[in-house]
Amino acid sequence: MLSERKLVAETEIEVNGYDIDAMGIVSNIVYVRWFEDLRTIFVNKHLTPSEMLKQNISPILMHTEIDYKIPLTIHDKPVGKCWLTKISRLKWVFEFEISTGNQIHCQGMQYGGFYNIVEQKVVPVPDAFRVL
C-alpha cells in the first residue's frame with residue numbers, strides 16, 4: 001500500500017483551438033481529457049496497451065472529482081501533474097493539478113482500477129503498479 005502521494009507524471013500541455021469556447025476560455029470538459037492524458041502517461045510507463053490486451057485487462061475509471069479554480073485561455077502554457085495517492089489490491093486514486101507558474105487552474109481526483117475484458121469484472125491491480 002502506498003504511504004504518501006508520489007508524482008508519477010508531469011507534462012506541458014498545449015491548448016488547442018478546439019479546446020476553447022467563443023470567449024477563448026478552455027472548456028471545462030477539456031480538463032478531464034487532460035487528466036486522462038496524464039494518467040495514460042503513467043500507465044504506459046509500466047504496461048503498454050499491447051501488454052494489457054494480452055492479459056485481457058484495461059484500466060477503468062470509476063469516479064472523477066474536479067474543482068475549477070481560474071480559467072485558462074488559449075494564450076496560457078499550462079503544465080499538468082499527476083500523483084498516485086493510494087493503491088490497494090483492487091483500486092487506485094490519482095490527484096491532478098493543471099497550473100501555470102504558481103497559479104493553480106484546476107485540481108481533481110480520479111478513482112479506478114483494472115477490468116478483465118473477457119471475464120467482465122474488476123480484477124486486482126497488476127503488480128507493476130502495486131510495488132511503486
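The model is predicted: local features need pLDDT of at least 70, side-chain atom pairs count only at pLDDT 80 or more, and totals for chains, interfaces and linings use all residues. Residues are numbered from 1 along each chain as its sequence is written, and side-chain values use heavy atoms, with hydrogens and water left out.

I begin with the cysteines. There are 0 disulfides in the structure, a disulfide being a pair of cysteine sulfur atoms within 2.5 Å. Cys82 is buried at 0% relative accessibility, and Cys106 is buried with a relative accessible area of 0%. Here, buried means under 20% relative accessible area, exposed over 50%, and partly exposed in between, with a 1.4 Å probe and protein chains only.

I turn to the core. A nonpolar core is a set of buried Ala, Val, Leu, Ile, Met, Phe, Trp, Tyr and Cys residues joined through side-chain atoms within 4.5 Å. The largest one has 28 residues, of which Trp34, Phe94, Ile98, Phe114 and Phe129 touch the most other members. Helix 1 (28-46) is among the elements that give two or more residues to this core, and its 7 residues are the largest share. Helices (H or I, at least four residues) and strands (E, at least two) are DSSP runs, numbered from the N terminus. Leaving aside residues up to four places away in sequence, the contacts of Trp34 include Val26, Leu72, Pro78 and Ile98, where contact means heavy atoms within 4.5 Å.

Next come the salt bridges, each a side-chain nitrogen of Lys or Arg within 4 Å of a carboxyl oxygen of Asp or Glu. The count is 5. In one of them, the side chains of Glu95 and Arg5 meet at 2.7 Å, N to O. Glu95 lies in strand 4 and Arg5 in the segment before strand 1, so this pair ties together parts that are 90 residues apart in sequence. Glu95 is partly exposed at 24% relative accessibility, as is Arg5, with a relative accessible area of 42%.

Another salt bridge joins Arg130 and Asp127 at 3.0 Å, N to O. Both lie in helix 3 (residues 127-130), 3 residues apart, or about one turn of the helix. Arg130 is partly exposed at 33% relative accessibility, whereas Asp127 is exposed, with a relative accessible area of 52%.
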